[in-house]
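Welcome! Here is a short tour for anyone meeting this structure for the first time. Take a look at the sequence and the model, then read on.

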Amino acid sequence: MDCCYIIGIRVNHRVANAVGLQELLTKYGCNIKLRVGLHETNENFCSDDGIIMLQVCGEKETLEAMLDSLNAMDGIRAKMLDLS
């Protein structure tokens, strides 16, 4: 198992897409080594858009299936970076 992949996910309409996205990430939870979520926020504002970065490991075919599933969701765009 190689852990040299990063998946960047752009999430539009975080609130509307949170449940479906979380279900998909849970499905592939054993392939996710690190998850970091970022969105613009302050005391008066919380953005409905955000970015999630994942460090993933596992078989490349499984990771590509996860990527395809992410990109099939409305409001989600994902790309994988191979660092090997």
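Which residue in S6 is the bridge partner of isoleucine 9? The partner is alanine 78. Keep in mind as you explore that this is a predicted model.

Isoleucine 9 belongs to the covered face of S1, together with Tyr5, Ile7 and Val11. The uncovered face of S1 holds Ile6, Gly8 and Arg10. In a regular strand, side chains alternate between the two faces of the sheet.

S1 pairs with S6 in the antiparallel sense, over seven bridges. S1 also pairs with S5, again antiparallel and over seven bridges.

## Helix H1

Next comes H1, a helix of 14 residues covering 14-27. From first C-alpha to last, H1 reaches 19 Å, close to the expected 20 Å. At glycine 20, H1 bends by about 30°.

Which residues of H1 are buried? They are Asn17, Leu21, Leu24 and Leu25. These buried residues pack against strands S1, S2 (32-38), S5 and S6 (76-82), and against helix H2 (60-71).

## Serine 47

Finally, visit the loop between strand S4 (45-46) and strand S5 (50-56), where serine 47 is found. Is serine 47 buried or exposed? Its relative accessible area is 12%, so serine 47 counts as buried, the cut-off being under 20%.

The side chain of serine 47 reaches the backbone nitrogen of aspartate 49 at 3.1 Å. Beyond its neighbours within four places in sequence, serine 47 is in contact with Arg14, His39 and Glu40.

Terms used:
Residues numbered from 1 in each chain as written. Predicted model: local features only at pLDDT ≥ 70, side-chain atom pairs only at ≥ 80, totals over all residues. Heavy atoms only, no water. Helix = DSSP H or I, 4+ residues; strand = E, 2+ residues; numbered from the N terminus. Buried < 20%, exposed > 50% of the residue type's maximum accessible area, 1.4 Å probe, protein only. Polar contact = N/O pair within 3.5 Å; in protein donor to acceptor, adjacent residues only side chain to side chain. Contact = heavy atoms within 4.5 Å. Expected span 1.5 Å × (residues − 1). Bend = angle between axes of the 7 residues up to and from the residue. Pairing = 2+ DSSP bridges.
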